[in-house]
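Please keep the sequence and the structure in view while reading.

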Amino acid sequence: MTGCPVHRPLPPKPAPRPDKVSLLGYLRLFRRDILSAQPARLYHAWMAEFRTPFFRSYMCNDPALVTRVLNERPDDFPKSNRIGEGLAPLLGRSVFLTNGEEWKRQRRIIDPAFEGGRLKDTYPAMLAAGQAAVARLSEGEVEVEEAMSHAAADVIFRTLFSIPIENEVAARVFHEFRAYQRTQPILNLAAFLPLPRWMPRLHRRATRRSAALIRGLIAQLTAERAAAIAAGTAPDDLATKIMTTADPQTGERFDASEMVDQVAIFFLAGHETSASALAWTLYLLALYPEVQDEVAAEARSLGDSPDFAAVGRLKRARDVFRETLRLYPPVPMMVRENRCPEDFRGRKVAPGAQVVLSPWHLHRHDRLWANPDAFDPARWQTEAGRQSARDAFLPFSAGPRVCTGAAFAMIEGPLLLALLLRSFRFDRIEGADPVPVAHLTVRAENGIRLRVTRRAA
Ligand code: HEM
């Protein structure tokens, strides 16, 4: 596969802030976006300490520290409550927010539904959503972030509840989520803000109303599903799998309200992230048309309805998707809190500090990747690239708390790309290159506009 031609511009990267800014200046940058609020030295440093008037934060780029936090002693680095405070109105006590025994029990019930073998059952619904996305797309100028949000939301509804996005309740949930994100754009950033603990709790009224509405709609879907399970008429989709799975240790199942919490996070974590990755991939393919042609050629070797095994053969599409996840990780940063006194590279860290793991910085770290800012899908077929990935590739996090949907997303991404590129070509629009900003996920400041044309049959 061709690498990144040297004469091409590098993919867009936010301008870092100057090394020293005032607290007020920092807050202002944060409001704008978390990425340009960070100094350039973080792409080279193994660790950085941020002192705020209210708490300390440590960003860890040293792979050994990341492994300690995520893989070796995850129970000693629970999710920070500061994150939970921002998300709780929508997500309740979902698996994304809980810790300790409660979280372990939830994962024991959820994980089996996402296991490799069972993903095969989910595949036809994913394929149908991909085909619907192709049918929906028209020629001309298209805002692909929006188109991909629509497609990824459709994937979630079809795989979870066997309903397409056109279903009335599904369409309302999708619509409300968009409204929710507009009212709460700095949702998951509370943990970095140098503000007292009570500040992020001041949810705006519109946010609370939006969250209540979404939860009401999801409650309707889960109640209907519970009735269908009881009547023996439920389809064998993700919702049924999860609602009928008993915790192997206690024999308990999720009750209706717990299921609402989980569905809310599947929807939020599963559609925003995939949509962001797909949209950035389309943009990168428009920026590097020769790579796009290769992915399209590979995709054309598939039939109209590729089966599950065929997705495994989409090697170029997978490398391109992984390279996009590296350059534009949809979840740019994750936060934990240390329970015990720690020694981080010789620095003593008192309990209660915010431990920040940043896929954004790790993936572009100049000591961990060759040519880190370049788009080079070919790196994934080299030993050096694989070694870098083992040390510093965390788009789905790692360890026991790894994204439950990682395998799902690695099928969905290449599949949707292949289906789209079989039929369409995507071209850059001069002067409309996107600027990445991190709100809930890494997005483009003004969307991603591309020119879409149908490929000759
Ligand atoms: C490209 C797509 C995706 C990316 C990049 C992604 C990324 C992530 C990351 C980084 C986390 C860890 C967050 C943290 O620890 O703070 C996470 C957690 C999670 N993701 Fe994904 N995700 C993707 C797709 C999905 C999908 C499709 C689903 C479900 C259908 C999903 C469900 C979840 C859930 C439930 C969690 C919480 C796991 C836990 O805390 O135990 N994600 N995801």
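A residue is counted as near a molecule if one of its heavy atoms lies within 4 Å of that molecule. In this predicted model, 25 residues surround the ligand, and the closest of them are Trp103, Arg107, Arg336, Arg401 and Cys403.

**The ligand and its shell**

The ligand sits in the largest cavity. By class, the shell around the ligand is made up of 15 nonpolar, 6 polar and 4 charged residues. At least two shell residues each are supplied by helix H4 (100-110), helix H10 (256-287), strand S4 (334-337) and helix H16 (406-423), and H10 gives the largest share, with 5 residues.

| Residue | Protein atom | Distance to a ligand oxygen |
|---|---|---|
| Val95 | polar backbone atom | 3.3 Å |
| Arg107 | polar side-chain atom | 2.7 Å |
| Arg401 | N or O atom in the side chain | 2.8 Å |

**Strand S7 and its partners**

Strand S4, which supplies at least two residues of the ligand shell, pairs with S7 in the antiparallel sense over 4 bridges, and within this pairing Glu337 has Gln354 of S7 as its bridge partner. Strand S2 (residues 56-60) also pairs with S7, but here the sense is parallel, again over 4 bridges, and Met59 stands opposite Val356 in S7.

In a regular strand the side chains alternate between the two faces of the sheet. Strand S7 (residues 354-357) is covered on both faces, with Gln354 and Val356 buried on one side and Val355 and Leu357 buried on the other.

Ser57 and Gln354 are 297 residues apart in sequence, yet their C-alpha atoms are 4.5 Å apart in space.

**Helix H2**

Helix H2 spans residues 63-72, and its buried residues are Pro63, Leu65, Val66, Arg68, Val69 and Leu70. An α-helix has 3.6 residues a turn, so residues three or four places apart point the same way. The N-terminal end of H2 is capped by Asp62, which has a side-chain oxygen 2.9 Å from the backbone nitrogen of Ala64.

Key: Residues numbered from 1 in each chain as written. Predicted model: local features only at pLDDT ≥ 70, side-chain atom pairs only at ≥ 80, totals over all residues. Heavy atoms only, no water. Polar contact = N/O pair within 3.5 Å; in protein donor to acceptor, adjacent residues only side chain to side chain. 1 Å grid on protein atoms, 1.4 Å probe; cavity = no way out; pocket = protein on both sides within 12 Å on 5 of 7 lines; lining within 4 Å. Sits in = over half its atoms within 2 Å of the grid points. Nonpolar A, V, L, I, M, F, W, Y, C, P; charged D, E, K, R; others polar. Buried < 20%, exposed > 50% of the residue type's maximum accessible area, 1.4 Å probe, protein only. Pairing = 2+ DSSP bridges.
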